[in-house]
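Me: I'd like to learn how to read a fold from its strands and its core. Can you walk me through one?

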Amino acid sequence: MREKEKKRSGMLKICCATVLLSVLSCGGVLARTETARAETAAKPQTTLSAPAEVRLRNYKGKRLRLRWSDVAEADSYEIFQYRKKKKAYRKVAEVAGGRTSWLSPRTKKAMRYKIRACRMADGKKEKGAFSYAVRAIPYARKKGKKVNAGTVRAKQYQNQLGIYENKQMEVSIRTSRYAKNKRAKVFDTSLRWYTTDAGIATVDSKGKVTTGGKYGTCQIYARAHNGNTTGKINITVKNYARPGKFTNTEYTEENMRRLLTDYAEDLQVIAEYFERYNKTHDPQEVKFYMNMGRSAMIVDGADGPYEEVKERLHRILNDCPRNMVIHLVDGTVYFDMSGGEYCNLLMYNYYEPYIDLEETPNRFSVASRWIYEFYRYA
């Protein structure tokens with residue numbers, strides 16, 4: 001009996017030890033699992049970017065070569081071709097990561113492709129964003145009459161504009177340097193335009209740039225059918241109304257010199273206010289001047305919300321030693337001290353700036369778009 005009890009006791013201890021080891025083992029597995037989950041959650045979840053610098057070229061007159069820049073962490077690339085009949089893209093090839101080019105099957109027609117990067121994550125295939133589409137045709141180098149675009153160049157790469165202004169970009173598209181037929185023409189001269197900051201400037205499908213009410217610099221660029229681009233074109237929106245310090249003040253009349261130096265901040269704030277207001281509302285004509293007793297400021301013309309600059313207007317007019325008129329008309333703010341036999345005038349023109357101003361001793365700029373005139377009436 002005692003021997004049987006000893007055996008039972010031994011078996012019971014073994015079972016308890018086994019259960020205990022199992023519990024500890026499970027706890028360890030669970031702990032490792034939770035740790036792995038925590039580590040996975042801690043890792044930043046990055047997404048695959050779309051391939052950039054995508055280009056499509058003629059290859060020996062019978063095929064097309066697609067090129068792109070490598071995407072970090074990409075395990076492969078999927079290539080899609082546009083099917084005109086179905087009006088949709090269809091996957092036609094997949095190449096290994098690290099490759100940055102692919103040759104199409106033989107073709108005699110224009111083809112359109114786009115590409116995306118892929119990678120394996122946790123046993124699943126993660127697909128990145130598609131690139132922009134590119135289109136090109138194969139052609140005989142010596143005899144081809146219709147060829148792909150070559151260099152795409154803008155006439156001007158540095159552009160300065162004021163707020164709420166327009167400018168038409170001029171771009172030339174040359175034939176591909178691989179085409180040897182001097183009479184060859186680019187088969188598709190359309191361009192797609194892009195901007196890096198629509199708050200500063202937008203650009204339409206024809207290359208017309210329109211600035212908004214935000215100062216700063218952005219870039220625009222145009223892309224041809226095969227992926228060739230103009231490169232970045234700088235658009236700088238300047239606050240011409242507020243140049244800071246005026247120049248050439250020593251050549252102005254004494255009272256005007258005092259105005260330009262002692263009241264520079266007031267002048268610039270007033271000019272900026274009326275430029276912004278008139279470019280976002282119906283243009284107005286209005287005059288501000290002091291009454292005969294110089295006890296009140298008179299507003300002659302269209303009513304408007306002038307409270308923002310009313311104090312500055314009054315200060316300039318009241319402190320001016322002679323009768324002065326601040327006149328807003330036709331896209332120009334005039335600070336007019338003329339009287340008697342002389343014209344003594346400062347003007348800020350924000351609609352038609354004097355780009356090719358021929359300066360004289362009696363007419364010159366004190367800042368960009370700010371013009372001073374002083375002469376004797378005939």
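This is a predicted model: local features need pLDDT of at least 70, side-chain atom pairs count only at pLDDT 80 or more; totals for chains, interfaces and linings use all residues.

Me: Which residue of β7 stands opposite Arg 119?

Reply: That's Glu 126. Now look at the turn. The hairpin of β6 and β7 has two residues between the strands, and Asp 122 there takes a positive phi near 55°.

Me: Which other strands does β6 pair with?

Reply: One is strand β3 (residues 76–83), which runs antiparallel to β6 and is joined to it by six bridges. In that pair, Ser 76 sits across from Cys 118 in β6. Another is strand β8 (residues 134–136), also antiparallel to β6, with three bridges. Here Met 111 faces Ala 136 of β8.

Me: Is β6 enclosed or open, then?

Reply: Count the buried residues, where buried means under 20% relative accessible area. Strand β6 (residues 111–121) has eight buried residues out of eleven, so it is largely enclosed by the rest of the structure.

Me: How should I think about side chains along a strand?

Reply: As a rule, side chains in a regular strand alternate between the two faces of the sheet.

Me: And how do I read a sheet's strand order?

Reply: List the strands as neighbours across the sheet.

Me: How many bridges hold β1 and β2 together in the antiparallel sense?

Reply: Five, with strand β2 covering residues 63–67. Within this sheet, Arg 57 stands opposite Arg 65 in β2.

Me: What about a loop residue, say Gly 339?

Reply: Gly 339 is in the loop between β23 (332–336) and β24. Its relative accessible area is 37%, which makes Gly 339 partly exposed. Then compare sequence with space: Gly 339 and Met 324 are 15 residues apart in sequence, while their C-alpha atoms are 8.8 Å apart.

Me: What's the general idea behind a nonpolar core?

Reply: In soluble globular proteins, nonpolar side chains tend to be buried together. In this chain, the largest nonpolar core has 39 residues, and Phe 274, Phe 335 and Trp 370 touch the most other members. Helix α3 (residues 264–280) gives the most to this core, contributing eight residues.

Me: Now zoom out. How many helices and strands are there in the chain?

Reply: Four helices and 26 strands. The chain has 378 residues, and 38% of them count as buried. Its accessible surface comes to about 23200 Å², and carbon and sulfur atoms account for 50% of that.

Me: Where do the contacts fall along the sequence?

Reply: Take the contacts between residues at least 6 apart in sequence: 59% of these join residues at least 24 apart.

Definitions and conventions: Residues are numbered from 1 along each chain as its sequence is written. Side-chain values use heavy atoms; hydrogens and water are left out. Two strands pair if DSSP finds at least two bridges between them. Buried means under 20% relative accessible area, exposed over 50%, partly exposed in between (1.4 Å probe, protein chains only). Contact means heavy atoms within 4.5 Å. Accessible areas come from the Shrake-Rupley method with a 1.4 Å probe; for residues, only the protein chains shown count as cover. A nonpolar core is a set of buried Ala, Val, Leu, Ile, Met, Phe, Trp, Tyr and Cys residues joined through side-chain atoms within 4.5 Å.
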